[in-house]
Amino acid sequence: MIRNYFKIAWRNIRANILFTVLNIAGLAIGLCVCIILFSFVNTELSFDKMYSNAEDIYRVNMETSEEYDFETWAELPNAVGPAMAQDIPQVKRMTRLIKDDFGTTASLKIGDKNFTENRLYLADSTIFKMFDFKFLEGNSENAFSKPKSIVLSQSAKERLFAGREAMGQLITVNNRDTLQVSGIYADLPENSVMDATMVYNILDSWMGTNVYWGNASYETYVQLQPNTNVAEIQEQATGLIDKYVEKDNQYFTRFLFQPLTKIHLYSADIRDGYSSKLGNITTIKSLLFLSLLVLFIACINYMNLATANSQKRAKGIGMNKVLGANRRQMLSLFYVETGIMVFLSIVIGYAVSFLALPLFKSITGNEISYQDLLATPILIGLSIIWILVTLIAGSYPAISMSGISPLVLVNKSKKKGSASEFVRKGLVVFQFAASIVLIIAVTIILQQMSFIKNKNLGYDPSGIVAVSIKSAENNQQVQSLIQGLERQSNIESVSAVQTIPGSNESGRSVSKLATDNIGMPIASCRTNGDIVKTLKLKLLAGTELPQNIVAGDSLIYTLINEKILNFLDYKTPEDAIGKTINTELGSRAIITGIVENFNFNSLKEDIGGYMYYKSHKAPEGIRTVLVRYNTQDLSKFIDLVQQTFTASLPNTAFDYQFLDRHVAQLYASEEKTASTATIFSALAIFIACLGLFGLAAFTAEQRTKEIGVRKVLGATVTGITRLLSKDFLKLVLVAFVIAVPVAYWLMHKWLLNFAYRTEINWWVFVFAGLAAILIALLTVSFQAIKAAIANPVKSLRTE
Amino acid sequence: MITITDLEKYYATEEVRTIALNKLSFKVKEGEFVAVMGPSGCGKSTLLNILGLLDDPDGGSFVFNGIEVAGFNERKRADLRKHNIGFVFQSFNLIDELTVFENVELPLIYTGVKPAERKVRVDAVLEKMQIMHRRKHFPQQLSGGQQQRVAVARAVVNNPKLILADEPTGNLDSSNGNEVMDLLTELNEAGTTIIMVTHSEHDAKYSHRIIRMLDGQKVTENVLAEFKSV
């Protein structure tokens with residue numbers, strides 16, 4: 001019997017080539033998208049599960065006090081880890097982790113060669129055991145047994161030593177520490193937040209030995225004894241705050257243990273942390289939702305096309321029933337047919353996903369490899385999808401068509417079209433509503449992205465290159481570099497600063513009176529001057545910071561933004577000039593200038609207080625030179641800057657970045673979302689069109705006789721085309737009415753992610769509606785016109 | 001074999017109720033060949049659907065082989081149907097996606113006959129209908145006469161007690177039509193009861209008895225040949 005189903009099903013599939021092609025194309029595209037996304041999601045979900053201690057490892061985060069808005073931070077004071085290891089017996093291992101120089105790119109010197117490196121970490125030696133470091137040379141026990149040791153990953157060794165022996169070689173970091181290679185470890189897994197390519201002992205640095213409860217810069221990982229109650233430990237750890245920190249200095253309220261396996265996806269609301277490999281569970285969820293939506297739209301196509309085909313098949317089913325088939329047997333026949341169709345689609349979709357992978361990568365920037373596509377969960381998932389899609393897509397045709405009465409053979413069957421007609425229309429409406437929502441969403445996402453790109457930030461990041469000078473050996477080198485740069489004709493201005501806007505500023509708090517308890521948390525950045533000119537900030541009152549301050553001048557000169565000005569309660573910018581400001585910087589500080597607020601952070605965040613300062617006695621170093629240039633020939637310009645740099649800092653790797661690219665990088669994940677959403681929508685709409693095309697073909701065929709009669713009675717081609725298109729347009733209109741509120745709600749929510757956002761305009765909706773109508777019209781009219789221009793004699797004769 | 005008494009069937013639309021069968025009564029004996037004639041709309045096809053257990057009467061009694069079947073549900077009717085009744089239609093109703101052999105095999109599949117036996121029985125009936133050489137062809141590759149022979153083969157492969165034929169020659173030219181009528185006569189002579197709806201006086205002459213209908217009622221009955229119970 002089953003063999004017979006296969007036979008009939010297969011012949012049916014071959015007999016209706018147009019329907020088969022439309023069906024398989026739609027399903028295969030939907031499945032291809034699903035396969036790629038599932039493997040992406042699968043990779044994301046696999047993060048950090050490979051470590052043998054994964055279940056027992058936690059990152060300790062902390063919740064800050066009211067002053068810092070109860071934010072959760074991933075970076076803690078360096079005293080926290082040792083205190084926990086000492087006081088809490090269930091803490092089996094602990095490691096602190098900090099990127100060299102708080103995450104700025106390191107300059108490495110090996111012999112006479114310079115390299116840059118941005119995944120150089122300092123950690124406690126326990127990290128090797130906790131994270132299963134596999135040593136290829138040396139071993140985890142002795143790696144840090146000698147002072148000033150460093151271990152490299154296999155690929156770092158390749159890069160730095162190019163096949164030569166690395167063990168025992170010396171590496172000078174930032175012209176400051178000289179470290180000896182004491183081990184080589186196999187590269188850490190790609191799907192791990194632990195991304196260190198080099199590690200050296202934190203205890204070789206003041207960062208590890210000089211422990212205190214102030215500066216919060218250290219990620220802290222603990223490995224608990226198996227089966228420990230985490231909530232209890234969290235409680236105990238929080239208890240340490242009162243034990244070690246005076247009430248007045250407690251800017252954190254409690255510790256939160258985050259499981260290692262959750263760090264990758266669940267850290268969006270946690271500030272800082274060093275890993276370059278953070279995902280986002282919301283993205284994962286939306287991608288999953290979108291891929292299921294696309295798949296569902298493809299299923300709907302299948303249902304529609306299959307039932308639309310039912311007229312053709314009705315006689316066959318009727319005959320089978322006359323011959324004794326029961327309903328169950330007919331159900332099986334349709335499921336078998338669907339099963340074959342879905343199987344073919346999966347095979348094609350799977351094959352195409354391999355071909356489409358590079359394209360997907362280049363458009364969305366998501367990293368998945370061919371191996372990920374072959375992962376076992378994907379293959380299992382495909383089998384599940386096969387069964388599910390067969391059941392879902394096959395259900396409607398199977399149920400509706402197996403119920404066909406044998407009386408169709410004698411034309412006595414009641415016209416029971418209305419119910420199935422209604423379902424079919426409902427499905428088309430759903431498809432189009434989903435498509436319209438997607439069109440609206442994509443339009444608004446693209447609008448917001450362009451809004452961000454074109455928003456006046458209050459400073460001008462374009463035309464600035466930032467050159468790292470943190471590894472300069474002395475101040476003479478810096479001065480020589482600056483003077484060398486200032487001599488170039490295509491350089492407008494040069495400013496030496498602590499850092500570029502929005503990264504690695506020092507957190508401080510300012511207040512009007514030294515006696516004020518609560519200050520305003522601000523970002524402060526040391527500079528040597530000319531910052532207004534270089535960044536093109538807008539000066540509201542006062543002057544740029546002084547070019548020169550005489551030796552022995554202990555005053556701190558500050559340039560503050562309006563946010564701070566308002567907090568300090570000055571009526572006008574002019575009022576504040578020359579006034580004292582309390583800055584936690586140690587000496588008396590005065591306000592020399594006020595600048596308009598500027599978006600130093602991403603536009604997802606509101607502007608906070610910002611202060612540039614200049615002083616002889618500054619705790620922070622000058623680490624970056626901002627160069628505003630005026631030239632089109634960038635490669636020649638960069639060559640020139642590099643020459644100047646190397647002439648002044650011969651022992652330091654040249655490390656630079658364009659400020660505007662840095663700013664663009666802030667929206668990388670949104671850019672990804674935008675391009676992914678665009679592809680999805682295009683595919684969803686395309687699949688919906690395939691279905692509509694088939695449905696229109698069917699309707700035209702079904703109404704051939706009617707059209708013939710109408711034409712004999714004098715109907716025109718336009719009239720008939722309109723007649724056939726009208727029904728579909730009505731469906732699109734209904735879909736539009738449903739889609740608008742859904743889209744509005746969704747996009748309103750999405751825009752709330754941004755502190756600065758575009759308005760949702762009414763024309764977006766009109767545009768999406770018109771686009772949907774146009775697409776539907778193009779799809780349907782082809783069939784409608786074909787039917788309308790056919791010779792009526794033919795259609796009437798066949799009846 | 002068949003006794004119908006006061007059989008009624010209505011077709012109702014929202015406004016009009018059409019009476020298709022109006023208290024129709026007659027009997028058919030086992031082995032008889034009965035032709036049903038009458039103008040379009042007289043209720044012949046409705047009658048055939050009910051006799052074929054495809055449709056349910058609205059009133060009256062229908063005793064088939066001693067069992068009252070009026071009021072049977074679809075499942076019970078289907079069960080009775082597949083073991084006892086073969087159908088021949090004007091438009092053949094062969095399944096396009098199946099070959100001649102597979103079309104004829106189908107009723108055996110549904111009655112649960114084993115594959116080996118199916119092959120023997122299908123081959124035998126195809127041999128008998130002289131279309132063995134076409135067994136691998138699809139219906140569209142055959143002439144109308146050949147298609148109807150396949151349809152007859154399919155109707156008889158299960159050895160039904162009753163064959164219902166609805167204008168079996170309607171789509172055929174006269175020589176092909178005569179061939180099909182000869183086939184039916186042969187089957188009848190071998191013991192199968194046949195009820196045939198037709199417009200053709202010529203075809204009706206092959207039967208033992210003609211029942212003429214008008215407006216859902218029997219008007220006359222002509223006995224053409226002496227029929228002796230088997």
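Chain B and chain A bury about 2200 Å² between them (accessible area, 1.4 Å probe, lost by the two parts on being put together, summed over both). Of that area, 61% lies on carbon and sulfur atoms. This is a predicted model: local features need pLDDT of at least 70, side-chain atom pairs count only at pLDDT 80 or more, and totals for chains, interfaces and linings use all residues. Residues are numbered from 1 along each chain as its sequence is written, chains are lettered from A and ligands numbered from 1 in the order in which they are written, and side-chain values use heavy atoms, without hydrogens and water.

**Interface**

- Chain B gives 23 residues to the contact and chain A gives 22 (heavy atoms within 4.5 Å).
- There is one salt bridge between chain B and chain A (a side-chain nitrogen of Lys or Arg within 4 Å of a carboxyl oxygen of Asp or Glu).
- A:R11 pairs with B:E102 in a salt bridge, and their closest N and O atoms are 2.4 Å apart.

**Chain B side**

- Helix 3 of chain B gives the most to the side that touches chain A, with five residues (helices are DSSP runs of H or I, at least four residues, numbered from the N terminus).

**Cysteines**

- Over all chains, the structure holds zero disulfides (pairs of cysteine sulfur atoms within 2.5 Å).
- The sulfur of A:C299 has its closest cysteine sulfur in A:C34, 8.9 Å away, which is too far for a bond.
- A:C689 is in no disulfide either; the nearest cysteine sulfur, in A:C299, is 18 Å away.
- A:C299 is buried, at 3% relative accessible area (buried means under 20%, exposed over 50%, partly exposed in between; 1.4 Å probe, protein chains only).
- A:C689 is also buried, at 13%.

Methods
Helices (H or I, at least four residues) and strands (E, at least two) are DSSP runs, numbered from the N terminus.
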